[in-house]
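Welcome, and thanks for taking a look at this one with us. Here is a short briefing to read alongside the sequence and the model.

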Amino acid sequence: MELSIPCCSALKIAPFSNSGCRLKLPATTAAPSYLHFSNASLKFPSAAIRRRHFILACSKVDAAGTGPQLNKVLQFRDAFWRFLRPHTIRGTTLGSFSLVTRALIENPNLIRWSLLLKALSGLLALICGNGYIVGINQIYDVGIDKVNKPYLPIAAGDLSEQSAWILVLFLAAAGVALVGLNFGPFITKLYCFGLFLGTIYSVPPLRMKRFPVVAFLIIATVRGFLLNYGVYYATRAALGLTFEWSYPVAFITSFVTLFALVIAITKDLPDVEGDRKFQIDTLATKLGVRNIALLGSGLLLINYIGSVAAAVYLPQAFKRSLMIPTHATLALCLLFQAWVLERANYTKEAISNFYRFIWNLFYAEYALFPFI
């Protein structure tokens with residue numbers, strides 16, 4: 001607030017400005033008549049005008065006071081989302097939708113809207129389990145992540161370890177509760193087995209990620225076999241059917257299990273620097289980035305060749321017109337990306353792009369699966 005007292009003894013006070021609650025009036029600005037004090041007259045604003053200005057000022061003060069709290073909420077939301085590793089959630093969600101859709105396509109007469117809530121609870125349980133596994137890994141890998149993945153919330157200091165522990169314990173408990181209440185003892189045991197594998201992968205003293213072959217098998221089992229078998233089994237059980245393999249489900253389970261093995265191998269490619277610093281043995285540190293990239297590409301090519309062969313030899317089970325051209329195209333895209341990586345001389349940025357491309361291939365297969 002600025003006060004101007006000229007020689008004539010008049011006192012002028014400016015009305016409320018538009019910039020928050022700060023009051024300002026340049027010396028040359030005339031005040032409105034209702035805020036003019038002089039020796040001869042004394043006039044105040046009406047009650048309605050005073051009330052309106054008071055409410056406006058208080059609302060702005062209140063907004064300024066709640067701003068920091070809102071920022072904290074938004075920052076926690078961002079940290080929590082990064083903590084869940086969104087690319088893994090996309091894979092889990094897409095895989096679940098794909099397998100449920102396939103089961104419904106095979107049994108369209110059994111579709112009931114009442115199953116929608118059960119399906120959503122199953123998806124939420126899978127996301128909780130996924131969040132627990134990737135979260136527990138971040139808690140025990142915080143030192144490595146500060147080198148390899150400094151953007152992760154614990155490594156970046158955006159999420160405390162205490163908060164991370166609360167989150168992972170809540171996610172595990174919520175996931176087990178959802179599965180136990182909705183899907184029976186067998187699926188609950190299967191779910192807990194997946195959590196157990198995710199735990200021994202990261203947590204000392206076992207910390208199986210130290211042993212490359214065991215680590216790859218754990219990832220392939222959880223993301224490949226358990227996810228596909230468990231979701232398909234639970235969906236058929238919800239439809240009132242006993243479990244039985246079909247050619248398409250056997251295909252996607254074997255395809256994704258091998259694919260998850262490739263993800264397990266190539267996920268260490270961008271992390272070689274930190275793994276070497278903390279003496280974490282991976283195939284990438286032992287065999288070199290180039291050799292592992294070529295190995296992963298070769299295994300994926302086997303997947304695509306097998307897909308084409310399945311369509312050729314089992315035309316009664318698969319749609320040749322879709323299986324053959326799409327998998328041939330994906331294989332060519334893979335070869336092109338491997339060539340790009342070679343031309344880039346395996347820089348860290350090129351390796352990260354290649355790893356993201358592999359995940360995109362993973363998503364593409366699940367998106368294709370219901371229609372093969």
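Let's begin inside: Ala-103 is buried, with a relative accessible area of 0%. Please keep in mind that this is a predicted model. Its chain has 13 helices and two strands, and 45% of the 372 residues count as buried.

**Ala-103 and its surroundings**

- Ala-103 sits in helix α2, which covers residues 86-106.
- Beyond its neighbours within four places in sequence, Ala-103 is in contact with Tyr-232, Thr-235 and Leu-239.
- Tyr-232 lies 129 residues from Ala-103 along the chain, yet their C-alpha atoms are separated by 6.8 Å.
- Tyr-232 also turns up among the contacts of Ser-246, together with Glu-106, once neighbours within four places in sequence are left aside.
- Ser-246 itself belongs to the loop between α7 (212-238) and α8 (247-266).
- Is Ser-246 buried or exposed? Its relative accessible area is 18%, and because the cut-off for buried is under 20%, Ser-246 counts as buried.

**The nonpolar core**

- The largest nonpolar core holds 86 residues, and the members that touch the most others are Phe-259, Leu-300, Tyr-304, Leu-361 and Phe-362.
- Helix α6 (residues 161-202) gives the most to this core, contributing 16 residues.

**Helix α12**

- How far apart are the end C-alpha atoms of helix α12 (residues 320-343)? They are 34 Å apart, which agrees with the 34 Å that its 24 residues should span at 1.5 Å a residue.
- The buried residues of α12 are Met-323, His-327, Leu-330, Ala-331, Leu-334, Ala-338 and Leu-341.
- An α-helix has 3.6 residues a turn, so residues three or four places apart point the same way.
- Cover for the buried residues of α12 includes α8, α11 (289-313) and α13.
- After α12 comes Asn-345, which has a positive phi, near 60 degrees.

**Lys-348 in helix α13**

- Lys-348 is found in helix α13, spanning residues 348-368.
- With 41% relative accessibility, Lys-348 counts as partly exposed.
- Leaving out residues up to four places away in sequence, Lys-348 touches Val-147, Asn-148, Pro-270 and Glu-273.
- One of these, Glu-273, is 75 residues from Lys-348 in sequence and 9.8 Å from it in space, C-alpha to C-alpha.

- Leu-70, Val-73 and Leu-74 make a nonpolar surface patch of about 270 Å².
- Leu-74 is placed in helix α1 (residues 47-83).
- Leu-74 is partly exposed, with a relative accessible area of 37%.

**Contacts along the chain**

- Which share of contacts joins residues at least 24 apart in sequence, among those between residues at least 6 apart? The answer for this chain is 72%.

Definitions and conventions. Residues are numbered from 1 along each chain as its sequence is written. This is a predicted model: local features need pLDDT of at least 70, side-chain atom pairs count only at pLDDT 80 or more; totals for chains, interfaces and linings use all residues. Side-chain values use heavy atoms; hydrogens and water are left out. Helices (H or I, at least four residues) and strands (E, at least two) are DSSP runs, numbered from the N terminus. Buried means under 20% relative accessible area, exposed over 50%, partly exposed in between (1.4 Å probe, protein chains only). Contact means heavy atoms within 4.5 Å. A nonpolar core is a set of buried Ala, Val, Leu, Ile, Met, Phe, Trp, Tyr and Cys residues joined through side-chain atoms within 4.5 Å. Patches are made of residues with over 30% relative accessible area and no salt bridge: like charges are joined within 9 Å, nonpolar side chains (Val, Leu, Ile, Met, Phe, Trp, Tyr) within 5 Å. Accessible areas come from the Shrake-Rupley method with a 1.4 Å probe; for residues, only the protein chains shown count as cover. A salt bridge is a side-chain nitrogen of Lys or Arg within 4 Å of a carboxyl oxygen of Asp or Glu. The expected span of a helix is 1.5 Å times one less than its number of residues.
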